[in-house]
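User: Hi! Could you walk me through a few parts of this one with me?
Analyst: Happy to, let's have a look.

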Amino acid sequence: MPWDYVPPLADMRFVIKRVLGAPASWAQCAPFADLDLETVDAVLQEAGRFAAGVLLPINAGGDAVGCVRDAATGEVRTPPGFREAYRAFVDAGWPALPCDPAWGGQGLPLLVDAATREMFVACNHGWVMYPDLLHGAYETIKAHAGDDLKARHLADVAAGRTLAAMALTEPQAGSDLGLLRTRAEPQADGSLRLSGQKIFISGGEHDLTDQIVHLVLCRLPDAPPGTKGISLALVPKWLPDGTRNAMHCDGIEHKTGIHGSATCAMRYEGATGWLVGEPHRGLAAMFLMMNSARLHVGLQGLGHQEMATQNALRYALERAQGRAAAGGGGAADPIALHPAMRHTLLRLQALTEGQRVIAYRAALAIDEAAHHPDAARRQRASALAALLTPVVKAFCTHQGFHGASAALQVFGGYGYVREYGVEQTMRDARIAMIYEGTNEIQAIDLLLRKVLADGGAALDLWLTEARAEAAACAAVGLADFAAALHAECDAAQQATAAVAAAAAGDREAPLRVADDYLMGLSHTLLAWAFAASARAAQGAADRPWSEAKTARMRYGVQWLLPQARVHWQRVRALDAALPVLAAP
Ligand SMILES: Cc1cc2nc3c(=O)[nH]c(=O)nc-3n(C[C@H](O)[C@H](O)[C@H](O)COP(=O)(O)OP(=O)(O)OC[C@H]3O[C@@H](n4cnc5c(N)ncnc54)[C@H](O)[C@@H]3O)c2cc1C
């Protein structure tokens with residue numbers, strides 16, 4: 001049975017239109033006021049065709065062949081078919097989808113772009129790594145670069161004629177960017193000369209575009225130590241006079257997955273660059289790129305889970321082993337009928353559908369934060385986007401990998417061998433838990449910066465929205481969804497109060513429970529997603545579809561939400577000190 005992909009267009013449309021009511025929000029935002037759902041449908045259909053028809057056929061080959069670096073020149077060749085696919089991607093205008101028309105973009109909502117990315121990554125994560133940083137780079141250059149740099153690069157980045165790399169990590173500076181050492185010396189002509197070494201730079205070198213702009217974190221000579229002394233520079237592979245910049249790819253990594261993506265060790269040897277944003281304020285400028293990138297990484301987890309789930313389901317409906325009910329002889333039943341496998345598949349489906357609602361809600365919040373005419377609404381949306389981003393990044397990627405692993409189990413031994421694509425999906429999915437700020441760093445960001453720092457104000461905003469959904473569910477007879485959602489909101493509120501109280505006297509306490517806090521809150525969001533989906537499904541014309549959707553969401557409430565209790569219980573045990581580790 002071939003590894004295949006059917007774009008989940010019906011569910012995407014359901015979430016965008018019925019669950020989130022996005023068209024009503026677009027109607028209020030000037031750049032999207034003329035956008036209609038038919039246009040969005042057409043865009044998503046075309047994106048699905050591109051994903052399944054162009055990206056999927058080169059996915060397994062990209063994994064098998066990987067990238068090749070020429071040791072003499074440092075040039076990197078991408079796997080067969082990657083260049084052609086990228087050219088088709090640019091020609092079709094995909095990179096510019098959410099960019100400003102003033103810079104050659106199509107001005108579509110980030111939400112629509114998010115749905116296309118979910119499909120692209122499901123079909124070829126290695127390939128997607130190249131254009132995935134474009135939008136963040138575009139936003140960063142647009143918001144923080146000077147007019148000269150914008151004129152030189154922004155339209156090309158928006159259109160995808162130039163690709164971008166994000167160069168943060170150094171051998172001694174991973175999660176702690178305060179340790180980075182790359183130096184930037186100001187020159188008389190206003191440029192910078194950069195010297196230093198970066199590692200793990202995705203798309204630092206490749207053959208998809210001639211020009212590659214690196215956004216490099218560096219230190220100016222008068223930089224204070226730590227994160228307060230980090231600046232951001234744009235360093236292009238090709239300089240304005242047509243000469244090659246002094247930057248070299250010293251090697252590419254041999255990785256667990258995403259073999260089609262060139263992960264480069266870069267050396268800058270007096271490379272010419274230009275400051276982006278204020279001196280020593282590089283991290284603030286880079287955060288624009290990172291937030292957008294974090295949403296994209298969350299979508300990677302979602303895409304992998306969708307891919308793994310639908311293939312596991314197809315396999316389980318065909319593969320027959322034993323009888324589903326105890327006793328009796330006769331023909332074997334499809335494994336999809338065995339209760340254990342049914343649980344696995346239902347769990348995967350409910351999680352995928354629930355996470356799609358959460359991730360798309362975050363994208364809608366980012367759109368509203370940027371474009372809603374009402375300042376108060378923009379502020380609320382911005383707080384919500386900030387709160388949801390680390391959850392989407394960490395929860396969706398955690399589940400992307402574990403979901404792919406669960407799907408592999410459905411294939412039995414066949415899942416563990418190369419014949420089916422599920423082992424590649426599992427390997428590819430794993431990195432998303434690590435890069436763009438590890439999931440542990442996301443958990444700390446959520447609890448310390450997004451929840452405790454504002455006294456829980458953003459969280460309260462969110463819980464108010466969730467409780468309104470619970471009330472709406474109760475009003476249409478979905479009492480079990482309403483009760484479950486209220487219970488999850490209560491648990492989140494109590495746990496947050498406990499952490500806030502403990503944090504006052506014990507600064508380590510929140511750090512001990514941050515991972516469980518993120519997982520607990522992720523389940524509160526799931527409870528909301530299940531409730532909102534069940535309620536939205538009540539109005540659907542297609543009754544069998546609506547009933548099946550409600551049943552899956554009810555399954556989620558009954559079988560997935562209990563997991564939250566374990567996480568909240570551990571959060572409430574935050575007084576317990578951790579024992580000292582013994583060295584091996
Ligand atoms: C395939 C790939 C692509 C990448 N692409 C890029 C890229 O394009 N650009 C770029 O700049 N970087 C990139 N990276 C680097 C990536 O962002 C880092 O690997 C990541 O930030 C973690 O840093 P580290 O590997 O040094 O791990 P460390 O920071 O050493 O972390 C090791 C472990 O300790 C944990 N840890 C560290 N600090 C804390 C803390 N304060 N609290 C709790 N736990 C902590 C981490 O969560 C992790 O589990 C890429 C990496 C890979 C493997």
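User: Which residues of strand 3 are buried on one side, and which on the other?
Analyst: On one side they are L163, A165 and A167, and on the other A164 and M166, so both faces are covered. Bear in mind that this is a predicted model.

User: How many residues of strand 3 are buried, then?
Analyst: Five of the five, across residues 163–167, so the strand is largely enclosed by the rest of the structure.

User: And in what sense does it pair with strand 6, parallel or antiparallel?
Analyst: Strand 3 and strand 6 (residues 212–218) are parallel, with five bridges between them.

User: What stands opposite M166 there?
Analyst: That's L215 of strand 6.

User: Switching to helices: at what angle do helix 6 and helix 11 pack?
Analyst: About 145°, and their axes are 8 Å apart.

User: Which residues make the contact?
Analyst: Helix 6 brings L110, L111 and A114, while helix 11 brings A359, Y360, A363, L364, I366 and D367. By class, that is eight nonpolar residues, one charged and no polar.

User: Nice. Where is the kink in helix 18 centred?
Analyst: On D515, with a bend of about 45°.

User: What does helix 18 span from end to end?
Analyst: Its 30 residues (509–538) reach 43 Å from first C-alpha to last, close to the 44 Å expected.

User: Is helix 18 mostly covered or mostly uncovered?
Analyst: Mostly covered: 28 of its 30 residues are buried.

Key:
Residues are numbered from 1 along each chain as its sequence is written. This is a predicted model: local features need pLDDT of at least 70, side-chain atom pairs count only at pLDDT 80 or more; totals for chains, interfaces and linings use all residues. Helices (H or I, at least four residues) and strands (E, at least two) are DSSP runs, numbered from the N terminus. The expected span of a helix is 1.5 Å times one less than its number of residues. The bend at a residue is the angle between axes fitted to the seven residues ending there and the seven starting there. A residue is buried if 20 or more other C-beta atoms lie within 10 Å of its own, exposed if 12 or fewer, and partly exposed in between; C-beta atoms are placed from the backbone. Two strands pair if DSSP finds at least two bridges between them. Axes are lines fitted to C-alpha atoms, for helices over the stretch in contact, and angles run from 0 to 180 degrees between N-to-C directions. Two residues are in contact if their C-beta atoms, placed from the backbone, lie within 7 Å. Ala, Val, Leu, Ile, Met, Phe, Trp, Tyr, Cys and Pro count as nonpolar, Asp, Glu, Lys and Arg as charged, and the others, Gly among them, as polar.
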